[in-house]
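Here are my notes on this one, in the order I'd go through them with the model open.

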Amino acid sequence: MTDAPGRILILIKPDAVQRRLTGEILRRIEAKGYDIIALDRLIATPDLLAEHYAEHVDKPFYPSIVEYMTSGPVVSVVVEGHRVVEGLRSLIGSTEPTAAAPGTIRGDLGRDWGGSAMMNLVHGSDSPQSAEREIAIWFPHLAR
């Protein structure tokens, strides 16, 4: 008997949407063999972001995150598959796009634009537990 597939929340951030990279990012996820089970395009609200980034709300960089994440549409995606968190975190690449390895989403498509916020194209849940917490925030009907 195999385990149920894992899930991860991917956010395609405003800089990626603005640069018309949504299709390329989704293509890479599907090319890796993972299943997209939910997708939405929206403008994130400060309240939604406060819930998502709850551990950062009191940090000095938090206002720049909110400004960046509300600057345009976000595409939120739930992806499913065996070891999906590990697989997609590897595919996404290092948080710092300038240092991200070639072949990763951030390494191939991202760069430092010199702004106050780290514009790094995508967010991916960092553990199965955070994935379930984040999926419940962005897709309440999929909460487990």
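Two terms before the points: I call a residue buried under 20% relative accessible area, exposed over 50% and partly exposed in between (1.4 Å probe, protein chains only). Helices (H or I, at least four residues) and strands (E, at least two) are DSSP runs, numbered from the N terminus.

This is a predicted model, so to speak of local features I need pLDDT of at least 70, side-chain atom pairs count only at pLDDT 80 or more, and totals for chains, interfaces and linings use all residues. Residues are numbered from 1 along each chain as its sequence is written, and side-chain values use heavy atoms, with hydrogens and water left out.

1. Start with α2. Its buried residues are T22, I25, L26, R28 and I29. Looking down the axis of α2, these fall within an arc of 155° (taken from the directions from the helix axis to the C-beta atoms), so they line one face of the helix. Just after α2 comes G33, with a positive phi of about 100°.

2. Now α5, residues 84-92. Here V84, V85, G87, L88, L91 and I92 are buried. They span an arc of only 165° around the axis, which puts them on the same side of α5. The cover over these buried residues includes β1 (6-12), α2 (22-31), β3 (74-81), α6 (105-109), β4 (122-124) and α7 (128-138). After α5 comes G93, whose phi is positive, near 95°.

3. How much of β3 is buried? Eight of its eight residues are. Both faces are covered: V74, S76, V78 and E80 are buried on one side, and V75, V77, V79 and G81 on the other. Do look at E80 while you are there, as it is among the buried residues of β3.

4. β1 and β3 run antiparallel and are joined by seven bridges. Within that pairing, I8 has V79 of β3 as its bridge partner, and L9 has V78. Strand β2, residues 35-42, also pairs with β3 in the antiparallel sense, over seven bridges. V79 turns up again here, as the bridge partner of I36.

5. On β1 itself: six of its seven residues are buried, so this strand is largely enclosed by the rest of the structure. β1 also pairs with β4, in the antiparallel sense, over three bridges. In that pairing I10 stands opposite G124 of β4.

6. Next, the largest pocket, with a volume of about 510 Å³. Of the 23 residues lining this pocket, K13, Y53, H56, T95 and H123 are the closest to its centre. For the record, the search used a 1 Å grid over the protein atoms alone: a cavity is a set of points where a 1.4 Å probe fits but cannot get out, a pocket is an open set with protein on both sides within 12 Å along at least five of seven lines, and lining residues have an atom within 4 Å of a point. Grid points are joined across faces, edges and corners, and the volume is the space filled by probe spheres set on the points.

7. Which elements give two or more residues to that lining? They are α4 (62-69), β4 and α7. The largest share, four residues, comes from α4. By type, the lining divides into seven nonpolar, nine polar and seven charged residues. (Ala, Val, Leu, Ile, Met, Phe, Trp, Tyr, Cys and Pro count as nonpolar, Asp, Glu, Lys and Arg as charged, and the others, Gly among them, as polar.)

8. Two backbone angles to check. Most residues other than glycine have a negative phi. R20, not a glycine, has a positive phi of about 60°. R20 sits in the loop between α1 (14-18) and α2, and at 76% relative accessibility R20 counts as exposed. L121, also not a glycine, has a positive phi of about 70°. L121 is in the loop between α6 and β4 and is buried, with a relative accessible area of 1%.

9. Last, L48, in helix α3, residues 46-52. L48 is buried, with a relative accessible area of 15%. Leaving aside neighbours within four places in sequence, L48 is in contact (heavy atoms within 4.5 Å) with L42, I137 and W138.

Terms used:
Two strands pair if DSSP finds at least two bridges between them.
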